[in-house]
Amino acid sequence: MNIPLLIVSLLVVLLGVVGTLSSLAPVRMAYTETIEIDASANQLYDDIRLQERLMRWSAWPKETGSQCAVDPGPKGADGREGARTVFIMNGKPVGHQRIERLADGRTITMSLEGPGPPHRPSMTFEVEPLDAGRSRVHLRFVNELPRPFNAIWRFAGLSAWTRKTHRKDLEGLKAFAEPPHRDADGRVVGRTPSAPNPYEVPLPQPGT
């Protein structure tokens, strides 16, 4: 048996399969998840834009086995455009989410960067007041993956996992904003939280 020829043949078949799957899978992924929360729109706006608070209810550190740190960004203040939540593994930054735009005290748009294939995810939270003490929060997610990564992402189940984690995000926001104010692990932390965040670590400095 000609082993090199067999390997080449298998590679050709594999590339053909990937190409076919890539043509079937969407390049762009977009969806909206919504939840109603017994909290004012002003309170929820701050719970989302202030990364120190967001790290309390976000599902991502727990789901990815990472830690997180606040980087106040070029303006030097948490909750302003440019501020980031930095995700950390083994003491090293592995990605971040950054506030790109704040609008009308109701809308927060963030970009996301991390390991993996080249892609361009963004996430927008829109806080819709229903009355003085109740609001509706919309999480709008958009991502674009070039071929053939779109097929790998889709058929490996990462699209479904991402959306499931965003639903957990909204559930976490609701649990944090409503009494008795729980964190991502379900612990009652109060408002303002009285216990340290088990997922938060100091921001690694360059060269460390």
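Q: How many cavities of 30 Å³ or more are there?
A: The model is a predicted one, and the count comes to 1 cavity of 30 Å³ or more. The largest cavity has a volume of about 40 Å³.

Q: Which residues line the largest cavity?
A: The lining consists of Leu54, Trp57, Ser58, Trp60, Gln97, Met110, Met123, Phe125 and Asp169. Helix H3 (51-57) and strand S6 (122-131) are the elements that give two or more residues to this lining.

Q: And how does the lining of the largest cavity divide by class?
A: The lining has 6 nonpolar, 2 polar and 1 charged residues.

Q: Turning to pockets, what volume does the largest pocket have?
A: The volume of the largest pocket is about 570 Å³. It is lined by 25 residues, and those closest to its centre are Trp60, Thr64, Glu113, Gly114 and Pro115.

Q: Which elements give two or more residues to the lining of the largest pocket?
A: They are helix H4 (60-64), strand S3 (84-89), strand S4 (92-103), strand S5 (107-113), strand S7 (134-144) and helix H6 (158-177). H6 gives the most, with 5 residues.

Q: What about nonpolar, polar and charged residues in the lining of the largest pocket?
A: The lining of the largest pocket divides into 12 nonpolar, 11 polar and 2 charged residues.

Q: Trp60 has come up for both spaces. Is Trp60 buried or partly exposed?
A: Trp60 counts as buried because its relative accessibility is 16%, and the cut-off for buried is under 20%.

Q: Now the aromatic rings. How many aromatic pairs does the structure hold?
A: There are 3 aromatic pairs. One of them is formed by Tyr31 and Phe141, and this pair is tilted, with 5.4 Å centre to centre and 35 degrees between the planes. Tyr31 lies in strand S1 and Phe141 in strand S7, so the pair links distant parts of the chain, 110 residues apart.

Q: Are Tyr31 and Phe141 buried or exposed?
A: Tyr31 counts as buried at 7% relative accessibility. Phe141 is buried as well, with a relative accessible area of 3%.

Q: And how do the rings of Trp60 and Trp161 sit?
A: The ring centres of Trp60 and Trp161 are 5.3 Å apart and the planes are at 90 degrees, so the pair is edge-to-face. Since Trp60 lies in helix H4 and Trp161 in helix H6, the pair ties together parts that are 101 residues apart in sequence. Trp161 counts as partly exposed, at 32% relative accessibility.

Q: Next, the largest nonpolar core: which residues touch the most other members?
A: This core has 26 residues, and those that touch the most other members are Ile37, Leu44, Ile48, Met110, Phe125 and Val137. The elements that give two or more residues to the core are strand S1 (28-37), helix H2 (41-49), H3, S5, S6, S7 and H6.

Q: What is Leu44 in contact with, leaving aside its neighbours within four places in sequence?
A: Leu44 is then in contact with Ile37, Ala39, Val127, Ser135, Val137, Leu173 and Ala177.

Q: Last topic: where does Asn197 lie?
A: Asn197 is in the segment after H6. Asn197 is buried, with a relative accessible area of 9%. Leaving aside neighbours within four places in sequence, Asn197 is in contact with Met55, Arg56 and Arg187.

Technical notes
Residues numbered from 1 in each chain as written. Predicted model: local features only at pLDDT ≥ 70, side-chain atom pairs only at ≥ 80, totals over all residues. Heavy atoms only, no water. 1 Å grid on protein atoms, 1.4 Å probe; cavity = no way out; pocket = protein on both sides within 12 Å on 5 of 7 lines; lining within 4 Å. Points joined across faces, edges and corners; volume = space filled by probe spheres on them. Helix = DSSP H or I, 4+ residues; strand = E, 2+ residues; numbered from the N terminus. Nonpolar A, V, L, I, M, F, W, Y, C, P; charged D, E, K, R; others polar. Core = buried A, V, L, I, M, F, W, Y, C linked by side-chain atoms within 4.5 Å. Buried < 20%, exposed > 50% of the residue type's maximum accessible area, 1.4 Å probe, protein only. Contact = heavy atoms within 4.5 Å. Phe/Tyr/Trp six-rings, centres within 6.5 Å; stacked < 30°, edge-to-face > 60°.
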